[in-house]
Amino acid sequence: MGSTLAKRLVADGHEVAGIDALTDYYDPAIKRANLDAIGRTRFTFFEQDINTADLEALLDGVDVIFHQAGQPGVRSSWGDEFSIYTSANVLATQKLLEAAKNLGTIKKFVYASSSSVYGNAERYPTLETDRPQPISPYGVTKLAAEHLVTLYGVNFGIPTVSLRYFTVYGPGQRTDMAFTRFVKAAWLGETISLYGTGEQIRDFTFVDDVVEANVRAGFGQSVPGAVYNVAGGSNVSMLEVIDLIDRISGKPLKVDRLPGVAGDVFRTGGSTEKILSELGWSAQTPLEDGLRRHYEWAQEAFR
């Protein structure tokens, strides 16, 4: 997500600096390939950890912060690895916010939140004002960080915005994510692992649409502490996704069915009325078109 956003910002003529620790949560070679795709024209990269970096020095002269960093994944957030999530998701966010507050020159702070904050939501499509009730440690840390972002906006006037992403997919996606696993398996003839019944419903959102939401949040007008859903509106099951990939690739996926995962919600679906009204954003990419582009990327990435 971060590299795709950086490419868009560079293409729009902005000077961009990226900070990433390049951890081994998934293959760092994929991350470096995504970095290489940005190029070095108007882009500077710092391989550093937000928690230990001199953020005020790095952010000096920066107008807009797009905070995409964090430790992802529901399954790994249980047990001993929870401290990784609190450090990467909560503490790192607080340090960025403190640096922004101390500098006093940041024009917008855009935070990548998650639909995981809703858990099994009260209703669908879910509104930003509905009660968040995460059911995974990962979701808890994303909500805690989002609350910090809102607090710094309300108390210190930092122009913060939180975007609650709904299942982002597309070229460059992490290798542990379902869509990349699926399209890679379709291309190479591998077997995929499907957790649960496959009837879980997701609101899938194409990466370019999420980038556009970030651009509108970063350079548009919103009140400090604003929160918006960023949802694609697809609302289809994982079994339907597998059928789509079968059709796109021209061959059936081989599926290994496994038990469901603790903390994995059954359904997501976000209302985008607020972001449409206030920032003029709506998703533009139909699921089949986005999946086709994801599959085409996999054919190159996993040769």
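Guide: Contact here means heavy atoms within 4.5 Å, and the model before you is a predicted one.

Visitor: Against which elements do the buried residues of α1 pack?
Guide: Helix α1 spans residues 2-11, and its buried residues are S3, T4, L5, A6, L9 and V10. Through contacts of heavy atoms within 4.5 Å, these buried residues of α1 pack against β1 (16-19), α2, β2 (43-46), β3 (64-67) and α7.

Visitor: Which residue just after α1 takes a positive phi?
Guide: The chain just after α1 has a residue whose phi is positive, at about 95 degrees. That residue is G13.

Visitor: Is L22, with its positive phi, buried or exposed?
Guide: L22 belongs to the loop between β1 and α2, and its phi is near 50 degrees, a positive value in a residue other than glycine. Buried means under 20% relative accessible area. Because the relative accessibility of L22 is 9%, this residue counts as buried.

Visitor: How does T167, which also has a positive phi, count in terms of accessibility?
Guide: T167 is found in the loop between β5 (160-165) and β6 (168-169), where its phi is about 40 degrees although it is not a glycine.

Visitor: Which residue has its backbone nitrogen 2.6 Å from a polar atom of the side chain of N89?
Guide: N89 lies in helix α4, which covers residues 82-103, and is buried, with a relative accessible area of 2%. Leaving aside neighbours within four places in sequence, N89 is in contact with G70, Q71, Y138, T141, K142 and A145. Among these contacts, the backbone nitrogen at 2.6 Å from the side chain of N89 is that of Q71.

Visitor: Which element gives the most to the lining of the second largest pocket?
Guide: This pocket has a volume of about 280 Å³, and of the 14 residues that line it, K7, N34, P171, G172 and W297 are the closest to its centre. Two or more lining residues come from each of α1 (2-11), α2 (28-38), α7 (207-219) and α10 (287-301). By class, the lining has 7 nonpolar, 4 polar and 3 charged residues. The element that gives the most, with 4 residues, is α2.

Visitor: What is the volume of the largest cavity?
Guide: The structure holds 1 cavity of 30 Å³ or more. Its lining is formed by S115, Y118, G119, A121, Y124, T126, F166, R267, T268 and G269, and these divide into 4 nonpolar, 5 polar and 1 charged. The volume of this largest cavity is about 40 Å³.

Visitor: Which residue is joined to Y124 by a cis peptide bond?
Guide: Y124, one of the residues that line the largest cavity, takes part in a cis peptide bond with an omega of about -5 degrees.

Visitor: Which residues touch the most other members of the largest nonpolar core?
Guide: The largest nonpolar core has 54 residues, and apart from it lies another core of 21 residues, among them V90, A92, V149 and I158. Leaving aside neighbours within four places in sequence, L163 is in contact with residues including V110, A112, A213, A217, Y228 and V230. The members of the largest core that touch the most others are L163, F182, V241 and L287.

Notes
Residues are numbered from 1 along each chain as its sequence is written. This is a predicted model: local features need pLDDT of at least 70, side-chain atom pairs count only at pLDDT 80 or more; totals for chains, interfaces and linings use all residues. Side-chain values use heavy atoms; hydrogens and water are left out. On a 1 Å grid over the protein atoms alone, a cavity is a set of points where a 1.4 Å probe fits but cannot get out, and a pocket is an open set with protein on both sides within 12 Å along at least five of seven lines; lining residues have an atom within 4 Å of a point. Grid points are joined across faces, edges and corners, and a volume is the space filled by probe spheres set on the points. Ala, Val, Leu, Ile, Met, Phe, Trp, Tyr, Cys and Pro count as nonpolar, Asp, Glu, Lys and Arg as charged, and the others, Gly among them, as polar. A nonpolar core is a set of buried Ala, Val, Leu, Ile, Met, Phe, Trp, Tyr and Cys residues joined through side-chain atoms within 4.5 Å. Buried means under 20% relative accessible area, exposed over 50%, partly exposed in between (1.4 Å probe, protein chains only). A polar contact is a pair of N or O atoms within 3.5 Å; within protein, one must be able to donate a hydrogen and the other to accept it, and residues adjacent in sequence count only if both atoms are side-chain atoms.
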